[in-house]
Amino acid sequence: ALPISQRAAVTLFSCFSVLISTESCTISEPTKKSKYKGIKSFTAYHVSTSRSAAAPVSRRFKHFDWLHDRLVDKFTTLVVPPLPDKQYSGRYGEEFIEKRREKLETWLNRISRHPIISQCSVLEHFLSSGDSEKEWKAGKRKAEKDTVVGSAFFLALDGVPNLMLDSSDQSVEGFGKFSRHMDETLVALKDKLTNHCEKVS
């Protein structure tokens, strides 16, 4: 059996894990496209998510940029991870496109696994809205009219799930004892090393 200090740490981690989404997102098949008869070019990505069995949706960097801006406006009291930097030269090179795909996928997974941000309708629209321009713009207008932004979003939160607080308190106390014991052990180890160095010097 694990020592009580380690069991306390595992229990504490399990309690917090209840609040963390396990959803995963995949970004694949970056494809260069154009509009206005080739006047404007851009790279589109296929975005799929484990929360839905629907077909992947097509998203451009500007869609990710829009999502980021909406999340920053809505969740002013949270830290929304920054997007990869924009680049205006060399943005159609294979190496750049692959690196951007990886960074966007990492960013989207961080957002999708956040216990609060993962539940918002803006993210749901981004992940599920079809490739129809009309459908996208309708959801976009609705999101931009959202009044539950900034500190007002606290009014929309449901109660936190019952995490067996008594058990959690015991876990925190046990973890604290473990930390203090670790500090004492490190101090003792430092003293022994110091003594050893003095003897051999």
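Author: We will go from the overall layout to the sheet, then to the helix packing and one histidine. Keep in mind that this is a predicted model.

Reader: Let's begin with the layout. How many helices and strands does the chain have?

Author: The secondary structure comes to 6 helices and 3 strands. Read from the N terminus, the elements run α-β-β-β-α-α-α-α-α. Of the 201 residues in the chain, 31% are buried. For the contacts, take those between residues at least 6 apart in sequence: 61% of them join residues at least 24 apart.

Reader: Now the sheet. What is the order of its strands, and is the pairing parallel or antiparallel?

Author: The general idea is that strands of a sheet pair through backbone hydrogen bonds, either parallel or antiparallel. Here we have an open sheet of 3 strands in the order S1-S2-S3, and the pairing is antiparallel. S1 and S3 are the edge strands, each pairing on one side only. On average, neighbouring strands are turned by 35° against each other, direction ignored.

Reader: How many bridges join S1 and S2, and which residue stands opposite Thr31?

Author: S1 (residues 25-35) pairs with S2 (residues 40-49) over 9 bridges. Opposite Thr31 you will find Ala44 in S2.

Author: S2 and S3 (residues 57-60) pair in the antiparallel sense over 4 bridges. One of the pairs to look for is Val47 with its bridge partner in S3, Val57.

Reader: Which strands does H4 lie across?

Author: H4 lies across S1, S2 and S3, and runs at about 110° to S3.

Reader: Let's turn to helix packing. At what angle do H2 and H4 pack?

Author: Two packed helices are described by the angle between their axes and the distance between the axes. For H2 and H4 the angle is about 170°, with the axes 10 Å apart. Because of that angle, H2 is roughly antiparallel to H4. On the H2 side, the contact involves His63, Phe64, Trp66, Leu67 and Arg70, which meet Val122, Leu123, His125 and Phe126 in H4. Sorted by type, the residues of this contact divide into 6 nonpolar, 2 polar and 1 charged.

Reader: Which residues of H4 meet H5, and at what angle do the two axes cross?

Author: The axes of H4 (residues 121-128) and H5 (residues 133-144) come within 10 Å and cross at roughly 170°. That makes H4 roughly antiparallel to H5. Val122, His125, Phe126 and Ser128 in H4 meet Glu135, Trp136, Gly139, Lys140 and Ala143 in H5. This contact divides into 4 nonpolar, 3 polar and 2 charged residues. Val122, His125 and Phe126 are listed in the contact with H2 and again in the contact with H5.

Reader: Last, the histidine. Is His68 buried or exposed?

Author: His68 is found in helix H2 (residues 61-74). Its relative accessibility is 16%, and therefore His68 counts as buried, the cut-off being under 20%.

Reader: What does His68 touch?

Author: Leaving out residues up to four places away in sequence, His68 touches Val80, Pro81, Pro82, Leu83 and Trp107. For Pro81 there is a further detail: its backbone oxygen lies 3.5 Å from a polar atom of the His68 side chain.

Definitions and conventions. Residues numbered from 1 in each chain as written. Predicted model: local features only at pLDDT ≥ 70, side-chain atom pairs only at ≥ 80, totals over all residues. Heavy atoms only, no water. Axes fitted to C-alpha atoms, helices over the stretch in contact; angles between N-to-C directions. Helix = DSSP H or I, 4+ residues; strand = E, 2+ residues; numbered from the N terminus. Parallel < 35°, antiparallel > 145°, perpendicular 65-115°, else oblique. Contact = heavy atoms within 4.5 Å. Nonpolar A, V, L, I, M, F, W, Y, C, P; charged D, E, K, R; others polar. Buried < 20%, exposed > 50% of the residue type's maximum accessible area, 1.4 Å probe, protein only. Polar contact = N/O pair within 3.5 Å; in protein donor to acceptor, adjacent residues only side chain to side chain. Pairing = 2+ DSSP bridges.
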